Amino acid sequence: MEPNLIQQLINATEKAANIARVCRSNEALLKLLVQEKTGPEANARFEHDFKTLADVLIQETIKRDIAAVFPAMRDAIKGEESPNFTNADGESTVIVVGETAEETAQCLAAILNVEAAEVLAGEVHRDVAYEEALLGEIPVLPKDLDYSNLGIWIDPIDGTAEYISGDSIFTDFPGITSTGLDCVTVLVGVYERTTGIPVIGVVSQPFHNKLDENVYRSLVFWGVCLPDLQANNCQFERPARENRLGIFSSSENGDILQHIMELGYEFAFAAGAGHKALKVITWEVDLYLLSKGSTFKWDTCAPQAILRSLGGDIFSYRGSISECKPIPLSYLEEDEEKENTKCNKDGLVAVRDVSLMDDLLTNLAG
Ligand code: 2IP
Ligand code: CA
């Protein structure tokens with residue numbers, strides 16, 4: 001059977017979730033994770049912290065696994081972190097996922113103790129085939145899909161602060177966590193290189209289902225939106241609620257919140273860009289609006305593809321206001337080079353129902 005990119009992305013995401021979980025459940029690794037970069041126990045040999053290493057390792061693992069099956073995509077699989085680690089003496093180590101667990105462990109042992117290196121390498125090289133009933137039926141992708149025209153943005157761990165601290169605080173709204181492990185997501189988004197349009201997304205919550213102390217199972221959402229194929233496992237009904245509900249960063253600008261309140265919205269405040277976008281996908285909220293440029297391509301590509309498969313989208317906040325019409329976020333590589341940023345610098349508005357944009361644009365333009 002032909003390998004299926006959606007299933008491969010789901011498997012890669014689950015492997016990422018396993019690595020993220022093992023870093024929290026293994027005592028030696030957790031100690032490294034919560035270690036203060038500047039504290040006396042800090043990893044003095046390297047200027048990056050362990051959190052960054054976990055991110056890089058997950059990112060490089062996903063790259064290797066996807067490129068092995070879809071070599072045409074190899075050069076366009078990108079993430080937040082660079083795989084180069086430089087120590088205090090200016091010596092550089094590149095995190096390389098090897099052919100075998102032994103090779104990878106050897107590379108990691110340049111930075112970590114041997115036990116930690118072996119545990120992590122074991123996860124990197126474990127075969128993962130994630131097949132839960134909740135995934136639904138994964139469609140066969142079109143035969144003529146040009147894989148060399150597809151690029152990938154990876155956020156190995158979104159909500160890193162929540163990942164490290166782990167403490168949960170809940171909002172007044174059912175199912176919506178304000179901070180905590182539920183706000184942590186793994187985001188893998190695929191976009192079309194010639195158009196900059198996001199076409200496939202996988203979002204996983206590695207800590208969604210707590211089975212036991214330190215034992216969690218992921219909840220995985222996927223969506224595909226190609227010209228002749230729209231599918232997803234996100235057919236949620238909008239829960240009954242009196243008012244429209246918006247979700248925001250706790251640092252959102254007060255004047256903007258005031259405008260949105262005047263439109264009849266209630267507010268929930270939560271951490272994690274991927275987590276907030278996911279709440280729009282599940283329709284637990286109607287809107288995620290961020291007026292600042294504090295998210296990046298890797299935060300939005302995956303949820304935007306899923307939202308598009310549902311008839312929703314993620315728009316540029318300031319771009320839409322200045323054009324007086326909804327302008328979707330784009331992943332065109334030439335724009336990125338021109339603007340010299342991977343940031344969604346004009347903010348964003350994520351909606352499942354795009355007709356909500358009319359009201360917002362009329363009222364926020366002023
Ligand atoms: C962060 C993370 C933060 C979010 C910020 C993202 O990514 O999702 O939670 O801020 O925009 O860039 P906020 O929670 O205020 O929305 P990362 O954790 O990968 O740095
Ligand atoms: Ca992020």
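Reader: Is Asp286 buried or exposed?

Author: Asp286 is buried, at 4% relative accessible area. Buried means under 20% relative accessible area, exposed means over 50%, and partly exposed is in between (1.4 Å probe, protein chains only). This is a predicted model, where local features need pLDDT of at least 70 and side-chain atom pairs count only at pLDDT 80 or more, while totals for chains, interfaces and linings use all residues. Residues are numbered from 1 along each chain as its sequence is written, chains are lettered from A and ligands numbered from 1 in the order in which they are written, and side-chain values use heavy atoms, with hydrogens and water left out.

Reader: Which side chain meets Asp286 at 2.7 Å, N to O?

Author: That is Arg238, and the two form a salt bridge. The term stands for a side-chain nitrogen of Lys or Arg within 4 Å of a carboxyl oxygen of Asp or Glu. Side chains of opposite charge can pair when their charged atoms come close.

Reader: Which salt bridge does Asp286 form at 3.2 Å?

Author: One with Arg241, where 3.2 Å separates the closest N and O atoms. This pair links distant parts of the chain, 45 residues apart: Asp286 is in the loop between α8 and β13, and Arg241 is in the loop between β10 and β11. Helices (H or I, at least four residues) and strands (E, at least two) are DSSP runs, numbered from the N terminus.

Reader: And how accessible are the two arginines?

Author: Arg238 is partly exposed, at 33% relative accessibility. Arg241 is partly exposed too, at 21%.

Reader: How many salt bridges does the structure hold?

Author: The structure holds 15 of them. One joins Asp335 and Lys338, at 3.8 Å from N to O.

Reader: Where do Asp335 and Lys338 lie?

Author: Both are in helix α11 (residues 333–339), 3 residues apart, which is about one turn of the helix. Lys338 counts as exposed, at 68% relative accessibility, whereas Asp335 is partly exposed, at 27%.

Reader: New topic. What coordinates the calcium ion (ligand 2)?

Author: Asp155, Asp158 and Asp299 do, each through OD, at 2.2 to 2.3 Å. Donors are N, O and S atoms within 2.8 Å of the metal (3.2 Å for Na, K and Ca), and water is not among the atoms, so sites may look incomplete.

Reader: How are those donor residues spaced in sequence?

Author: The pattern for the calcium ion (ligand 2) is D-x2-D-x140-D. Asp155 and Asp158 are both buried.

Reader: What about Val224, buried or exposed?

Author: Val224 counts as buried, at 0% relative accessibility. Its place is in strand β9 (residues 215–226). The C-alpha atoms of Val224 and Ala305 are separated by 6.4 Å, and these residues are 81 apart along the chain.

Reader: Last one. Where is Glu115?

Author: Glu115 is in helix α5. With a relative accessible area of 48%, Glu115 is partly exposed.
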